Amino acid sequence: MLTRNVVQAFRFAQTRGIATSAKPLASSVYMDPGQSKNPAVSTTPRNITEEQRSALDSALRVDQAGEVAANWIYMGQHVVLGRDPKTGPLLQEMWDQEKKHLAVMNKMQLQHRIRPTLLTDVAKVAGFGLGAVTALMGREAAMACTEAVETVIGEHYDDQLKEMESLPEGHPSVPLLRDVIKEFRDDELEHLDIAVDNFSQRAPAHAFLSSVIGAGCKVAIELCKRV
Amino acid sequence: MSTHTGARLLKLALPLVRTHGFTRDALAFSVLELPPPETLSSPLSDAAISSLFGPGSKAEHTLINFFFDEGLEHMRYRAQAWSGSTGRSPTIKELLEERLKYNEPVLGHLSDAFASLASASASVAQLGPFQIPPVDPLPGLKHAFRIADEACYLSGDASTELSWYARRASLAAIYTAAELHQITSPHTTDRFLESLLDSSSRAKNSFDEVALFSSYLFKSCKGIIKSLGAN
């Protein structure tokens, strides 16, 4: 499964490289103040069924919580490994990308009128703790944490894209929503790629660490969908 | 009759609430307001009301909830008109005032409506030898929360995470207090609402200042620890 994910990561990174040279990133529409009145970033589809609305609610709630947790994981890792000349800039780069993801998710939460999860503060504490503890275990363990988290998040975004196929194509916010999720999925898989390149698999008890962190992420996703 | 017909009759029943209250009578007489050639000469039968809007007090609750839904629609419509004429989003105060104005024609029947909703789904409970009044606060809370949420959305409020809940909870409490005040003294509602919003804003500012001060304190401590060579 891991090998498959790594191959996927390479493929997504390549695809993204081609895509970025052809057109601007989907999320840039959200970061452009001049676009704030654009219906694609300021309105939500109203003619969707209750099931679709509920699926959209839980999907964006989980995504936002995931980005909060990811930010705090990188913060925890950066506190410990930030001064390492090789790992510090790498963590900072991934963290900056997560900051952008969170800023976009916050805008999407307001646009689609999503109730945020009540577990935000739990996600922050757990994320920081996970990041700091794995970083204290060493550089490879920190990368193994990144690999495990990004694998689950990448797969989660992929599942969401399939779920979102049922949303009405006619509303301008729907194609943009899908493009943003695709972009974020590719970013997360790029982080996975970086983690593997930086010897995540040499971490002590790598398989155990990956399965524990991966299971924790899956539990957190289910909790944030509901609470 | 279809759901569409039900919605049409509910719309026609709203002006009749002034005279009949949120009752099955208002629903029964709504068919007399249909435009020709659909106009009927006699009110809807009890069986037809039950079939369209639910049995017993459920029909009344359907009418009350429709009134609340239309209130939200009214806020949206007013917000759009504001944006069109002034080029800015309406403020929370303007939106809540507008929603309270929407209550005015049926003010005399609102307390009955809330009482009816509160007693709808509650079952009689016992606390030792005492019988607790069967009151269900959820419909009232839901009503206030929906208005607070709509006001936040229409005013462009950007609260996220836990402040999303805090903002809506405080506005729902303010709106509930203002609405209760409106039922007893309608002429002073706007001033009462304004004073509540001012107090809430002052409380928020004080809280923000404490949070800012705490963050400075934390940063100072961090700096002191670093300068001692702990990191």
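Two residues are in contact if their C-beta atoms, placed from the backbone, lie within 7 Å. Keep that in mind as we walk through this structure, which is a predicted model.

Let's start with Glu188(A). You'll find Glu188(A) in helix 8 of chain A, the stretch covering residues 173–197. Leaving aside residues up to four places away in sequence, Glu188(A) touches Glu150(A), Ile153(A), Gly154(A) and Tyr157(A). Is Glu188(A) buried or exposed? A residue counts as buried if 20 or more other C-beta atoms lie within 10 Å of its own. Glu188(A) has 30 other C-beta atoms within 10 Å, so Glu188(A) is buried.

Now hop over to Glu98(A), which sits in helix 5 of chain A, residues 87–111. With 23 other C-beta atoms within 10 Å, Glu98(A) is buried too. Its contacts, again not counting residues up to four places away in sequence, are Glu67(A), Ala70(A), Asn71(A) and Tyr74(A).

What links these two glutamates? An unreviewed UniProt entry carries a "binding site" annotation that covers Glu98(A), Glu150(A), Glu188(A) and His191(A). These residues are spread over 94 residues of sequence, yet they cluster in space, with a largest C-alpha distance of 11.4 Å.

Finally, look at where the two chains meet. Six residues of chain B are in contact with seven residues of chain A. On chain B's side, helix 9 (residues 161–184) gives the most, with three residues. Sorted by class, the side of chain B that touches chain A has four nonpolar residues, one polar and one charged.

How values were computed. Residues are numbered from 1 along each chain as its sequence is written. Chains are lettered from A and ligands numbered from 1 in the order in which they are written. This is a predicted model: local features need pLDDT of at least 70, side-chain atom pairs count only at pLDDT 80 or more; totals for chains, interfaces and linings use all residues. UniProt positions are given in the numbering used here, feature names are shortened, and annotations may be inferred rather than shown by experiment. Helices (H or I, at least four residues) and strands (E, at least two) are DSSP runs, numbered from the N terminus. A residue is buried if 20 or more other C-beta atoms lie within 10 Å of its own, exposed if 12 or fewer, and partly exposed in between; C-beta atoms are placed from the backbone. Ala, Val, Leu, Ile, Met, Phe, Trp, Tyr, Cys and Pro count as nonpolar, Asp, Glu, Lys and Arg as charged, and the others, Gly among them, as polar.
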